[in-house]
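The stops below are meant to be taken in order.

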Amino acid sequence: MAGDFKTFLKSGHWPTLLAAFLYFDFCFAIWVLNGAMAPFISETFNLTAAQKGFMISVPILAGAFMRFPLGVLAQYVGRKNAAMVEMTLIIFALIYGYVFVNTYSEVLAMGVLLGIAGASFGVALSLGSGWFPPKHKGLAMGLAGAGNSGTVLAVLFAPPLAAAYGWSTVYGLAACTMLLPMLVMWIIAKEPPDREHQSFRQHTACLFEKDGWSFSLIYVVTFGGFIGLASFLPTYFYDQFKVTKIEAGQLTMLATLMGSALRVVGGYISDRVGGINTLSGVLVLVSATLVLCGMAGQSLVVTTLLFMLCFAALGAGNGALFQLVPLRWPVTTAVAGSMIGEIGALGGGFIPNLMGQSKQHLGTYLWGFVAFAAVAVGMLLMLRVVQIRWTRTWAERGGLART
């Protein structure tokens with residue numbers, strides 16, 4: 001195992017992979033800030049269940065819409081330069097939040113600005129994996145994508161800081177933290193060589209292909225489930241089990257940590273058994289645990305353990321899916337990744353709304369969980385159909401890289 005990892009590191013440029021991980025990690029933490037602080041913000045403005053869900057969904061939806069333009073920009077100015085521009089904009093957005101956000105409407109506007117951080121996904125993964133050969137791209141993307149552990153940073157540190165200094169002050173503190181990934185990116189990252197100058201039509205070709213939409217819909221479950229549930233869980237634990245706001249963040253951290261860690265494992269396993277096989281198992285586990293989470297609403301311990309298992313599956317699914325992306329789109333991975341990430345994140349934006357509406361109108365969160373589990377089952381059936389064509393055209397049996 002250790003020898004395999006050394007071989008992996010030598011096959012590419014690991015400092016760029018490290019810079020991509022930090023970039024994505026800090027951006028992800030900023031992206032979910034409003035979700036991490038939702039119990040504080042909700043108490044300040046006395047929000048209804050539906051208002052809470054909508055507030056949490058705004059950064060997710062905004063980030064989804066911003067991903068594809070950033071991916072296209074990265075193809076022209078380079079991924080490193082695009083990342084530097086994005087991080088600069090994030091700092092200005094956070095300073096705005098610290099100085100000007102005082103009402104619920106301004107929180108919603110701030111949610112749109114936090115979406116800038118959510119645009120980092122496709123660029124970070126393509127930058128981190130760009131120096132590595134096809135047989136190692138699954139692990140490289142898994143390591144870069146493990147930057148979604150930024151969720152852990154947000155739910156662990158934002159609640160106690162909000163309790164001590166006020167939730168709007170957390171925006172200002174977060175602006176200071178962005179200087180670290182910017183400095184690392186500037187000093188050690190190198191633009192990968194896997195870039196071709198193509199027309200805009202060529203860059204956007206994946207938008208007009210069935211495979212692009214198949215990948216995107218599966219990602220609605222794996223990544224959409226991760227970001228949507230991670231943003232909503234502090235509110236869920238606080239409302240459902242009456243824990244403190246800080247404890248709600250700590251319980252969310254246990255679940256999101258599993259999802260972040262298992263993303264790397266998902267990429268590693270997919271390099272060996274195939275992304276299609278890994279995704280099939282993931283979707284079965286996700287659909288089952290979601291229903292059980294909804295049914296276990298009276299037990300905090302059982303619910304927490306089920307969420308940890310669910311997030312482990314979601315994380316592995318994210319790594320598995322992005323083992324397949326560079327196989328399907330080897331020279332436009334950044335744009336394809338951004339488009340897939342855009343649709344997937346849009347799915348995540350519906351989850352907090354779905355949960356809020358279920359609670360407000362039906363008196364329970366159960367049917368929100370059941371509805372999303374049904375989506376996971378639908379994506380599993382679709383995957384089993386489309387994989388027949390995939391393994392005949394661009395992938396080996398099970399979703400392995402062709403040699």
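This is a predicted model: local features need pLDDT of at least 70, side-chain atom pairs count only at pLDDT 80 or more; totals for chains, interfaces and linings use all residues.

**Stop 1: the core**

Select Leu94 and Tyr171. Within the largest nonpolar core, which has 139 residues, these two have the most contacts. Next, colour helix 14, residues 210–241: with 15 residues, helix 14 supplies the largest share of this core.

Now centre on Tyr171. Which residues is tyrosine 171 in contact with, leaving aside its neighbours within four places in sequence? Leu33, Asn34, Met37 and Ile41 are among them.

**Stop 2: lysine 52 and aspartate 239**

Switch to charged side chains; the structure holds six salt bridges. Select lysine 52 and aspartate 239, whose side chains form a salt bridge with an N to O distance of 3.0 Å. Lysine 52 belongs to helix 5 (residues 49–77) and aspartate 239 to helix 14, so this pair links distant parts of the chain, 187 residues apart.

Are the two partners buried or exposed? Lysine 52 has a relative accessible area of 14% and is buried. Aspartate 239, at 19%, also counts as buried, because the cut-off is under 20%.

**Stop 3: arginine 79 and glutamate 191**

Select arginine 79 and glutamate 191. Their salt bridge has its closest N and O atoms 3.2 Å apart. Why does this pair tie together separate parts of the sequence? Arginine 79 is in helix 6 (residues 79–100), while glutamate 191 is in the loop between helix 12 (179–188) and helix 13 (200–203), so the parts joined are 112 residues apart in sequence.

Colouring by accessibility separates the two partners. Arginine 79 counts as buried at 4% relative accessibility, whereas glutamate 191 is partly exposed at 26%.

**Stop 4: aspartate 211 and arginine 328**

Return to helix 14 and select aspartate 211 together with arginine 328. The side chains meet in a salt bridge, 2.7 Å from N to O. Aspartate 211 is in helix 14 and arginine 328 in helix 17 (residues 300–328), so the pair ties together parts 117 residues apart in sequence. Aspartate 211 counts as buried, with a relative accessibility of 2%.

Which residues are linked in a network of salt bridges? Aspartate 211 and arginine 328 belong to this network, together with Glu209 and Arg389.

Conventions: Residues are numbered from 1 along each chain as its sequence is written. Side-chain values use heavy atoms; hydrogens and water are left out. A nonpolar core is a set of buried Ala, Val, Leu, Ile, Met, Phe, Trp, Tyr and Cys residues joined through side-chain atoms within 4.5 Å. Buried means under 20% relative accessible area, exposed over 50%, partly exposed in between (1.4 Å probe, protein chains only). Helices (H or I, at least four residues) and strands (E, at least two) are DSSP runs, numbered from the N terminus. Contact means heavy atoms within 4.5 Å. A salt bridge is a side-chain nitrogen of Lys or Arg within 4 Å of a carboxyl oxygen of Asp or Glu.
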